[in-house]
Amino acid sequence: MLTLSWILALFVSGAEVREINLPGCSHAEPQIWYRAISDEEFVLQCALPDRDATHIYNNSLLKQHKVKWFWRQKDEEPLKAIKESSNPALQGNALWFKPVRDSASGVYICMIWEKIPCLKIVLEVQTKKAAKCSGYDTNVLYLLAGSGNSITCPGTKCYSHIEKPDVKWYKDGHQIKHRKSRQSRKLKHNEIYLNPTYGKDAGIYVCDYTLYDNTTKWTMRTAVTVEVIAKTTIHPPNFLYPNGVVILEAELGKPLELECRVQFGFERVSSMRVTWKRNNKENINEKLNQETSVCPKGLRGHTLLHVAKLKEVTERDLRSNFTCFAENSVGNATAVIQLKRKQRVFLLYILCSAISTLFAFLLCTAFVYQHWIEIVLMYRSYLVHNETTGDGKEFDAFVSYAKLDSSESDSTLISEEKFALELLPDMLENKYGYKLCILERDVLPGGAYTDEVVTAIKQSRRAIIILSPAYVSGPSIFELQAAVNCALEDKKIKLVLIKFQAFQEPETLPPVVKKALRILPVITWKSSISAAPNKKFWKYMRYHMPVKTTKMLGNCSLKGFFQRLFSLVY
């Protein structure tokens, strides 16, 4: 039977009200009785009676699609389905009467699929005279923000001969209760006291109380619409844009929109007006295409956007002053926009130029990253002055390596010694003009070894340390320690570490040596590929050597610098 009722309900469509029959529901007893005052706002929700309900309606569209409403004025009349209309209006699970008329009295039946199969509600609408209303308050209340105000239930002014219990208040469908978080709102003597009043207090307030007429329990329901207002402004309109005179670039033959944003102070009865004028005149023969949009109104007033649309900019427009005129009840204000001819910009040309510039920048970045060592060396060779002049040092670099002991015959040590005594001098001295200090070759024997090493390092601008397993575990490690100490004393001395062969740091190394191995730059020697003069190894060596005039071939001029730079590219 219930399924049949729903099929019949869904079948009804098109007209606002249509006759229908609901077997098994039409003869059910009413469950809720409401009284309302005619010509006032009223809401009727489809919800089973619940003393602990915290809300009386839900405006969700999802609920609206599930609720079906039916109505008849008298018992002998057939049921009529209530469809979409302006009064009553379907909103969520409720019917809104704006306002409710005497003719709305009758029996209402609502059904919610799988929740409420049949709910019968009796509504009786009475006039203020029939309800014996005395001093009935208005159903629209204006409260001043920031001040103390009270909201009285209009229905308590009716049925003065009947004692009334406590009133239940609802705001926007939700029950109002005393909350510690809102001490400024109190419920007292069936009234709501607000001190101070905030903008969020605006809304629709519904008040219910119970009254008994003979054996029938009625719920008396009335509603109050509360609007929170501010003090009426004492200022004329304020222009946000344009401010004063603004010059705007425009392109001939193109459409253009002139925007005017004006801020108006609060006025309960607004008398604002905004319009665009050409040369501060309103020409009835020429009407500018104008549109207005208003931002949400607040207690501080609201902002109005007024736009004049030009289909295409003409020479006349360029010679005109466009005045935005705004006024309210206090006064008026104006602002001006002047148009200036805008030169055509070739977007494609600009785009191509930007792409070309970006591509060239990326290409140069990649080139510098690939050849930065060569570029630095050429720059130093041609454009930087000799930094060794007048520093009082005799050698460009002191060479430290593991010394060959007569009891050792390891081929690695022989190769290391050959690198230090033959290959390194051949490249740095003979090819690039540096002067090296090799202890066995350049220091006369006879002095104390430690003193000779320290003296030689102090007379050198660099200390080249050739690292290997034999070096870090042998007596030559003293020379690295001495070089570190000298570099700490003399900032002109810098260390160049060459990793000739992989090694493991002994635990017995002095702390200052361990720190030097950890933080100083290291150049790795690869015996199979590093020996050739044009390899990266020798470029890194020259990079770490002092800047000085060397035995370089070519013209030592700016022209020679660029000739060598271009040779890197081609």
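Contact here means that heavy atoms lie within 4.5 Å. Helices (H or I, at least four residues) and strands (E, at least two) are DSSP runs, numbered from the N terminus. The structure is a predicted model, in which local features need pLDDT of at least 70 and side-chain atom pairs count only at pLDDT 80 or more, while totals for chains, interfaces and linings use all residues. Residues are numbered from 1 along each chain as its sequence is written, and side-chain values use heavy atoms, with hydrogens and water left out.

Of the 570 residues in the protein, 42% are buried; buried means under 20% relative accessible area, exposed means over 50%, and partly exposed lies in between (1.4 Å probe, protein chains only). Among contacts between residues at least 6 apart in sequence, 70% join residues at least 24 apart.

Helix H7 covers residues 449-458, and its axis is 10 Å from that of H9, at an angle of about 45°. Axes are lines fitted to C-alpha atoms, for helices over the stretch in contact, and angles run from 0 to 180 degrees between N-to-C directions. H7 and H9 are therefore oblique to each other. On this scale, angles under 35 degrees count as roughly parallel, over 145 as roughly antiparallel, 65 to 115 as roughly perpendicular and the rest as oblique. The crossing of H7 and H9 is right-handed, a term used if the near helix is turned clockwise from the far one by less than a right angle, with left-handed used if anticlockwise. On the H7 side the contact involves Tyr-449, Thr-450, Val-453, Val-454, Ile-457 and Lys-458, which meet Phe-478, Glu-479, Ala-482, Ala-483, Cys-486 and Glu-489 in H9. By class, this contact of H7 with H9 has eight nonpolar, one polar and three charged residues. Here Ala, Val, Leu, Ile, Met, Phe, Trp, Tyr, Cys and Pro count as nonpolar, Asp, Glu, Lys and Arg as charged, and the others, Gly among them, as polar.

H9 also meets helix H10 (residues 511-519), and the axes of H9 and H10 come within 9 Å and cross at roughly 80°. H9 and H10 are therefore roughly perpendicular to each other. In this contact, Ile-477, Leu-480, Gln-481, Val-484 and Asn-485 of H9 meet Val-512, Val-513, Ala-516 and Leu-517 of H10. The residues of the contact of H9 with H10 divide into seven nonpolar, two polar and no charged.

Charged pairs come next. Side chains of opposite charge can pair when their charged atoms come close. A salt bridge is a side-chain nitrogen of Lys or Arg within 4 Å of a carboxyl oxygen of Asp or Glu, and by this rule the count comes to 18 salt bridges. One of them joins the side chains of Arg-273 and Glu-327, with an N to O distance of 2.9 Å. Arg-273 lies in strand E21 (residues 273-278) and Glu-327 in strand E24 (residues 321-327), so the pair ties together parts that are 54 residues apart in sequence. Arg-273 counts as partly exposed at 35% relative accessibility, and Glu-327 counts as partly exposed at 23%.

Another salt bridge brings together Lys-309 and Glu-291 (3.2 Å, N to O). This pair links distant parts of the chain, with Lys-309 in strand E23 (residues 302-310) and Glu-291 in strand E22 (residues 289-294), 18 residues apart. Lys-309 is partly exposed at 29% relative accessibility, and Glu-291 is partly exposed with a relative accessible area of 42%.

Lys-393 forms a salt bridge with Asp-490, the closest N and O atoms being 2.8 Å apart. Lys-393 lies in the loop between helix H4 (347-383) and strand E26 (395-400), and Asp-490 in the loop between helix H9 (477-489) and strand E29 (494-499), so the pair ties together parts that are 97 residues apart in sequence. Lys-393 counts as buried at 13% relative accessibility, whereas Asp-490 counts as partly exposed at 23%. Salt bridges that share partners also join Asp-391, Asp-396 and Arg-461 into one network.

Two single residues complete the picture. Thr-323 is found in strand E24 and is buried, with a relative accessible area of 4%. Leaving aside residues up to four places away in sequence, Thr-323 touches Thr-275, Trp-276, Lys-277, Asn-280, Thr-334, Ala-335 and Val-336. Ser-60 lies in the loop between strand E3 (40-45) and helix H2 (61-66) and counts as partly exposed at 27% relative accessibility. The C-alpha atoms of Ser-60 and Gln-91 are separated by 7.5 Å, while these residues are 31 residues apart along the chain.
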